[in-house]
Amino acid sequence: MELRKGLEDIAIKETSITFIDGELGRLYYRGYSIFDLASFSNFEEVAYLIWYGKLPTRHELDDFKSRLAEERSISDEIASLVKRTAKTANPMDVLRTSVSMMGLEDKDDGELITKSMKITAKIPTIISSIQRTRANLDVIEPDPSLSHSENFLYMLHGSKPSRERSRMLDVGLMLHIDHEMNASTMACLVVASTLSDIYSSIVAGISALKGPLHGGANSEALRQFMEIGSQENVEKYVLNRLSSGQRLMGFGHRIYKSLDPRAKIIKDYLSKVSKDEETQRLFDIATKVEEIGIRILGKRGIYPNVDFYSGLLFHFLGFDLDLFPTIFASARVIGWSAHVDEYLKDNKLIRPKAIYVGDLGKKYVPIDER
Ligand SMILES: CC(C)(COP(=O)(O)OP(=O)(O)OC[C@H]1O[C@@H](n2cnc3c(N)ncnc32)[C@H](O)[C@@H]1OP(=O)(O)O)[C@@H](O)C(=O)NCCC(=O)NCCS
């Protein structure tokens with residue numbers, strides 16, 4: 001039996017959802033290039049594309065958007081859970097428990113995608129409630145007349161965002177919707193393969209995404225830029241970090257061996273938008289870290305990944321730093337559930353093996369004789 005640490009290079013299923021070309025730095029959702037989708041599409045349309053496998057007609061999209069918008073409110077019980085825990089708990093723990101409660105509350109025999117739509121619609125309400133509760137601000141009720149991203153920023157700040165800002169969040173969310181197989185998607189599939197329910201799968205996905213090697217890297221990358229402080233400190237910081245065996249956060253990827261296209265798209269947006277002084281300073285630091293990081297690590301195929309610039313984007317849009325992984329999760333629910341749906345069409349219980357390396361035939365010694 002061959003041991004493949006981290007299941008590297010092992011395929012768990014066939015998929016027609018997402019294709020990544022790690023060598024060329026290309027990403028396709030249902031065959032469409034992420035560059036085209038980021039330029040011409042929007043969050044709701046891409047969500048539809050990922051779940052239903054085709055671009056919607058205008059009528060289908062309108063219907064889909066209003067169905068999503070109708071599901072944004074959370075129950076009083078979840079609202080009170082968020083209020084009680086927002087100031088002290090890790091936001092990913094609040095989100096995970098809230099989704100678990102959604103599962104308790106959902107008594108419908110609805111389809112998997114319908115249930116996933118409910119989760120997708122409600123997560124921004126939970127995230128903005130966490131941030132506003134912590135800041136002692138009133139929680140804002142969702143506005144169904146706004147798009148997903150407009151409403152997300154509206155609930156966060158209490159005022160309608162500019163077109164530019166809601167577009168930036170829209171693109172940021174689109175880029176996080178799916179990424180083929182990864183630790184959190186795999187966690188969802190493991191749960192789903194036992195024929196458990198979609199809420200349990202999504203709870204597993206959120207749990208896996210929480211770690212700093214996966215969804216937690218976006219806030220770590222931004223912390224790094226804040227710690228560096230100015231462009232002059234970049235070279236010394238990067239060299240010190242790497243020579244002491246630490247990793248550059250937001251760099252490296254199991255599949256991409258060139259620039260992650262999502263990092264490129266966010267960087268392009270950030271470079272064009274008019275920024276406040278702090279974001280400009282952090283952006284300048286980031287571009288310098290990118291340049292020096294690639295100079296040192298690029299020859300080993302280690303380049304910036306999506307988390308390198310996404311933290312900066314979320315910070316620019318006014319999200320608290322420790323909420324970034326929850327924003328990632330808010331979009332990835334779509335990919336997780338689409339993969340679960342696809343996997344269940346040809347389900348096989350996921351049950352790998354371990355290679356036993358311990359002793360056998362040991363003599364049992366009674367406790368008083370040990
Ligand atoms: C994402 C990540 C876990 C993928 O790594 P992986 O495919 O499991 O590869 P490994 O962790 O085995 O790393 C392979 C080698 O590259 C090096 N490496 C990988 N990422 C690195 C980074 N960000 N900085 C410095 N070195 C890095 C490792 O030290 C290792 O070197 P070695 O072979 O000399 O021991 C890894 O690149 C990482 O930890 N990056 C930082 C966290 C991050 O940005 N995560 C977000 C991913 S989207």
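Author: Buried area is the accessible area, taken with a 1.4 Å probe, that two parts lose on being put together, summed over both. The model is a predicted one, in which local features need pLDDT of at least 70 and side-chain atom pairs count only at pLDDT 80 or more, while totals for chains, interfaces and linings use all residues. Residues are numbered from 1 along each chain as its sequence is written, and side-chain values use heavy atoms, with hydrogens and water left out.

The protein chain is divided into domain 1 (15-207 + 330-344) and domain 2 (217-316), with bounds that come from an automatic or database domain assignment. Taken over C-alpha atoms, the centres of domain 1 and domain 2 are separated by 25 Å. Between these two domains about 1,700 Å² is buried, and carbon and sulfur atoms give 71% of that area. On the side of domain 1, Met 168, Leu 175 and His 176 supply 31% of the area buried against domain 2, more than any other three residues.

Counted by contact, which means heavy atoms within 4.5 Å, 22 residues of domain 1 meet 20 residues of domain 2.

The side of domain 1 that touches domain 2 draws at least two residues from each of β1 (18-21), β2 (26-29), α1 (34-40) and α8 (163-176), and α8 gives the most, with nine residues. Such helices (H or I, at least four residues) and strands (E, at least two) are DSSP runs, numbered from the N terminus.

A nonpolar core is a set of buried Ala, Val, Leu, Ile, Met, Phe, Trp, Tyr and Cys residues joined through side-chain atoms within 4.5 Å, where buried means under 20% relative accessible area (1.4 Å probe, protein chains only). Among the 100 residues of the largest such core, Tyr 29, Val 99, Val 289, Tyr 309 and Phe 319 touch the most other members. Helix α16 (residues 324-344) gives the most to this core, with 11 residues. Because domain 1 and domain 2 both give residues to this core, it lies between them.

Conventions: Buried < 20%, exposed > 50% of the residue type's maximum accessible area, 1.4 Å probe, protein only.
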